[in-house]
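User: I would like to understand how the labels used for a protein structure follow from values and cut-offs. Could you take me through some of them?

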Amino acid sequence: MAKIMPSAMMQRLIYWLLTFMLYVPAVHGLVQGQSHAGTRNSPPNIVFILADDAGWNEIGFNSDTNDYTPNIDALRREGTSFTNFYAHAVCAPTRAAFLTGRYPFRTWTDWRSEDFGKPSYLDMLGLTVARNAEGEETRMIHGLDTEEKTIAEALANEGYFTAITGKWHCGEWLDEHLPMGQGFMHQYGHYAWGIDYTNYSIPHNAPAKFAVYDWHRNQQPIYEQGYTTDLIANEVVQLLSTHDALHGDQPFFYYVPFNAIHGPLEEIPRYVDQLGKRYAALKCLDDAIGRIVGALDQYGHAQQTLLIFTNDNGGIRQNMNAPYRGTKNTNYEGGVRVPCVMRWPGHIKKNSSNDALMHIIDLYNTFIAIAGGEIAQDRMPDGIDMSQTILSGQGPGRKEIVFEVKGSVRTPCIRQGDYKLIGEELFNIREDPFEQLNIAGDHPQIVQTLRQRIEEISAERPSLPSLDKLMSPALPWVYGQAENANAPAWLQEHITAIRAKQPQSWPPGTTPWPQAPKDGKIIYTGDGR
């Protein structure tokens, strides 16, 4: 480790020195009460914070007993909780849906990039693990199609500075699939599914069973010391502190997808002696969100910023999502109904709740509307402009959510009004939100109507994109094809040391990753990695 420290420290020193030099005039302006953010007449800033794998009742304002999230709970008091806000059942589909405003089946992002290296997932498509030119078993390259218009691209068109700090999970290899090829002007964080919080590696690269380095700024590998939850917050605070000096009155869109509290949960820097790993990680996440909110206030941006906190899917255990049924990777309420709070002082009602039906795809249309733009693109979004619902509480919400269609990893699922069909099961969510009573036998006509709707929208799924591009080498040093081609010596030494400590073999029929869901259900072991 000693060999990489000087390089890491020098990288960090140069970065902060340059930004500080540009930051000095902004400090003077703040001291003189001349913050642009508080006085400009322009569209609002947008900060979208996405947690990872947190359960419904693990967030304090949804629980009578959990008190791990005082900063998130404060946002609830300062804003509105949206109690019928839905995501998808697992990480990548939710992220792609947010970025495009389109249901994931339209982009085949209901299948994650890593699924195309996992035999149990490939078997569902009638495929087998590919081999590259070197004869290595490897994954087929899959990511968010660069032809999709992302919310970053749409807001950049409206004059926004766009940044992502955190987890991407919409493609980890080709430049066209990475954040700066999808509309983000600044990138920080990791590309793939679940990073080790202190050594910055992804534990496995299915079908390869060893770690890959995955920590980047502006799509160049960097080494830092610290806990990723804290580092992501540091980056946001730094962006906020220098924004006026670097960008003047330009509004900003910060997408802040934390990897917390997704596994692997190894070394947690605080609270472990009091709470255990999972809830120590959650409390560290809450600390980080508190720092971001504090920086918005400190640098004069709070009044001009729409701030949203939500989660990408349900927790990995049933008890984490109680009273709702189900877990991550299932379409029961516990897998897809997520905590959501929005704050914009003077525009969104304080300490209130709204039960309008809303889906994460709706944020695409809503952000564009709030920014003063219009939807102008060939591939039309499935989202609905919910700005009036959010700002005045008057909108009716949406009437339908399509969670899955045929050809997905998970069981087809749709909600229309009060009724939700999951495979063969029908529930009245208004009367039975915990999905305890399957009423399919009592309402055959409703079942038939919803099945027909699933058939209709399933027919809109495009053909499977070409999978002829393969990851080579099968086990790269670092994600990002161009970055791997020039992986520095410190990185190679770092990841070699990590791999040496990993299991060197696995018993037949076992893998370091969970197998594909069966009958719409999945069982996670350990921390869900």
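Analyst: Helices (H or I, at least four residues) and strands (E, at least two) are DSSP runs, numbered from the N terminus. Just after the helix H6, Gly248 takes a positive phi of about 60°. This is a predicted model, in which local features need pLDDT of at least 70 and side-chain atom pairs count only at pLDDT 80 or more, while totals for chains, interfaces and linings use all residues. Residues are numbered from 1 along each chain as its sequence is written, and side-chain values use heavy atoms, with hydrogens and water left out.

User: Why is H6 called largely enclosed by the rest of the structure?

Analyst: A residue is buried under 20% relative accessible area, exposed over 50%, and partly exposed in between (1.4 Å probe, protein chains only). In H6, 16 of the 20 residues are buried, so the helix is largely enclosed by the rest of the structure.

User: Why is the pair of Tyr324 and Phe434 called edge-to-face?

Analyst: Rings of Phe, Tyr and Trp (its six-membered ring) pair if their centres lie within 6.5 Å, and planes under 30 degrees apart count as stacked, over 60 as edge-to-face and the rest as tilted. The structure holds 24 aromatic pairs. In the pair of Tyr324 and Phe434, the ring centres are 5.5 Å apart and the planes stand at 65°, so this pair is edge-to-face. The pair links distant parts of the chain, 110 residues apart. Tyr324, at 9% relative accessible area, is buried, whereas Phe434, at 33%, counts as partly exposed.

User: What makes E17 and E18 a pair of strands?

Analyst: Two strands pair if DSSP finds at least two bridges between them, and E17 (residues 400–404) and E18 (residues 413–416) have four, in the antiparallel sense. E18 also pairs with E19 (residues 419–422) over four bridges in the antiparallel sense, and these two strands form a hairpin with two residues between them.
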